[in-house]
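Here is a brief report on a two-chain model. Please keep the sequence and the coordinates at hand while reading.

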Amino acid sequence: MNDRDLERLLREALGAEARPMSEAQVGEVVKRAAVQARPAPRFPLWAIAASGACLAGLVLLALSPAPESWFRIIAVMAMVGNLALSPLAALVLVRSRR
Amino acid sequence: MRLSTVGTELGLIAGLKAGEAEAWRELCQAYGEALYLYAYHRTGDAAAADDIRQETLLAAVEGIGGYRGEVPLFGWLCGIARHKVADERRRRARQSLPVEAAWHAGDPLPDELWERAERHAAVVEALWSLPEDYRRALVARYVEGMGVESVAARLNRSYKATESLLARARESLLRRLKEEGGK
């Protein structure tokens, strides 16, 4: 390819009017990059540990010679505790992503 | 067209991978217009080219972690854009719209024009995959029609060094075009 051919080819290829990116387009890319760079959310370990402790306590109590009324009270508390922990952990997770 | 500059590409890539706003802003500035030109040549449609550029950059955000530097950054972006162009062609085919609709009032594009457009896209890809000083020298010499002396003044080099730079730039461009022709 001689100089003239190269010149023609480059002029043709770059001849079209290039449309610059708008600030909104650049902003969208930058915003997406910031979100992408955040570390992946991890479920709060304390919620799993607390939930596990509730269940373990329940099992231990069931195996112990404690009266049935005690068992009932603790079982209800463990159930309520476990039910409350999941939404609480989800809330923490969502807040940490903001 | 405006020719933006990219600082150190390695530094830029590290910034992109870290999700730094400044790095992504710099990428958009450096390659946004070239990416548009690339997509425009391959679709012939300004609006589609604009969309493809944006989709390509957003896909680049998702995929930058996997970029290993085997190809120049712009070549990698063009690889993503090629898939987006293919998607656009499929979309148009489904709607029975020829890809070339914007060129000649809905007439199918003649093969010769099609090949020329593909060649122009390849030139854009090859040119922006070159080191920046090569690209600036080639554009100044062949697109802006400057003499070697003026190119030397613009690049702050001696006449002899500029001649040598232009020769190496030409060689690199032609080699890249040959490589891209083989894809």
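Predicted model: local features only at pLDDT ≥ 70, side-chain atom pairs only at ≥ 80, totals over all residues.

Local features are described where pLDDT is at least 70. Side-chain atom pairs count only at pLDDT 80 or more. Totals for chains and interfaces use all residues.

Chain A has 4 helices and 0 strands. Along the sequence, the pattern reads α-α-α-α. The radius of gyration of chain A is 31 Å, whereas the globule rule gives 13 Å for 98 residues, so the chain is more spread out than a compact globule. The C-alpha trace spans about 100 × 30 × 15 Å along its principal axes.

Of the 98 residues of chain A, 21% count as buried. Sequence range can be read from contacts between residues at least 6 apart in sequence. Of these contacts in chain A, 69% join residues at least 24 apart.

## The interface of chain B and chain A

On the chain B side, 39 residues are in contact with 28 residues of chain A. The two chains bury about 3200 Å² between them. Carbon and sulfur atoms account for 65% of that area.

Specific pairs also cross the interface. The rule finds 3 salt bridges between chain B and chain A. One of them joins the side chains of B:E62 and A:R32, at 3.5 Å from N to O.

Which elements of chain B give two or more residues to the side that touches chain A? They are helix 2 (21-43), helix 3 (46-63), helix 5 (111-128), helix 6 (132-143) and helix 8 (159-181) of chain B. Helix 2 of chain B provides the largest share, with 10 residues. By class, the chain B side that touches chain A holds 24 nonpolar, 6 polar and 9 charged residues.

## Salt bridges around B:R92

Over all chains, a search of the whole structure finds 17 salt bridges. One pair is B:R92 and B:D45, whose closest N and O atoms are 2.4 Å apart. B:R92 lies in helix 4 (residues 73-94) of chain B, and B:D45 lies in the loop between helix 2 and helix 3 of chain B. The pair therefore ties together parts that are 47 residues apart in sequence. Buried or exposed, where do B:R92 and B:D45 fall? Both are buried.

B:R92 has another partner. The side chains of B:E88 and B:R92 meet in a salt bridge at 2.7 Å, N to O. Both residues lie in helix 4 of chain B, 4 residues apart, or about one turn of the helix. Why does B:E88 count as buried? Its relative accessibility is 10%, and the cut-off for buried is under 20%. B:R92 has a relative accessible area of 5%, so it is buried.

## A bridge between a loop and helix 6

B:R157 forms a salt bridge with B:D133, with the closest N and O atoms 3.1 Å apart. B:R157 lies in the loop between helix 7 and helix 8 of chain B, while B:D133 is in helix 6 of chain B. The pair thus ties together parts that are 24 residues apart in sequence.

Both ends are partly exposed by their own values. B:R157 has a relative accessible area of 34% and is partly exposed. B:D133 counts as partly exposed at 28% relative accessibility. Elsewhere, salt bridges that share partners join B:D45, B:E88, B:R91 and B:R92 into one network.

## Two exposed residues of chain B

B:N156 is found in the loop between helix 7 (148-155) and helix 8 of chain B. Its phi is near 60°, a positive value in a residue other than glycine. Why does B:N156 count as exposed? Its relative accessibility is 71%, and the cut-off for exposed is over 50%.

B:K178 sits in helix 8 of chain B. With 70% relative accessibility, B:K178 counts as exposed. Its C-alpha atom is separated by 9.6 Å from that of B:A122. Along the chain, B:K178 and B:A122 are 56 residues apart.

Technical notes
Residues numbered from 1 in each chain as written. Chains lettered and ligands numbered in written order. Heavy atoms only, no water. Contact = heavy atoms within 4.5 Å. Buried area = accessible area lost by both parts, 1.4 Å probe. Salt bridge = Lys/Arg side-chain N within 4 Å of Asp/Glu carboxyl O. Nonpolar A, V, L, I, M, F, W, Y, C, P; charged D, E, K, R; others polar. Buried < 20%, exposed > 50% of the residue type's maximum accessible area, 1.4 Å probe, protein only. Rg over C-alpha atoms; globule rule 2.2 N^0.38 Å.
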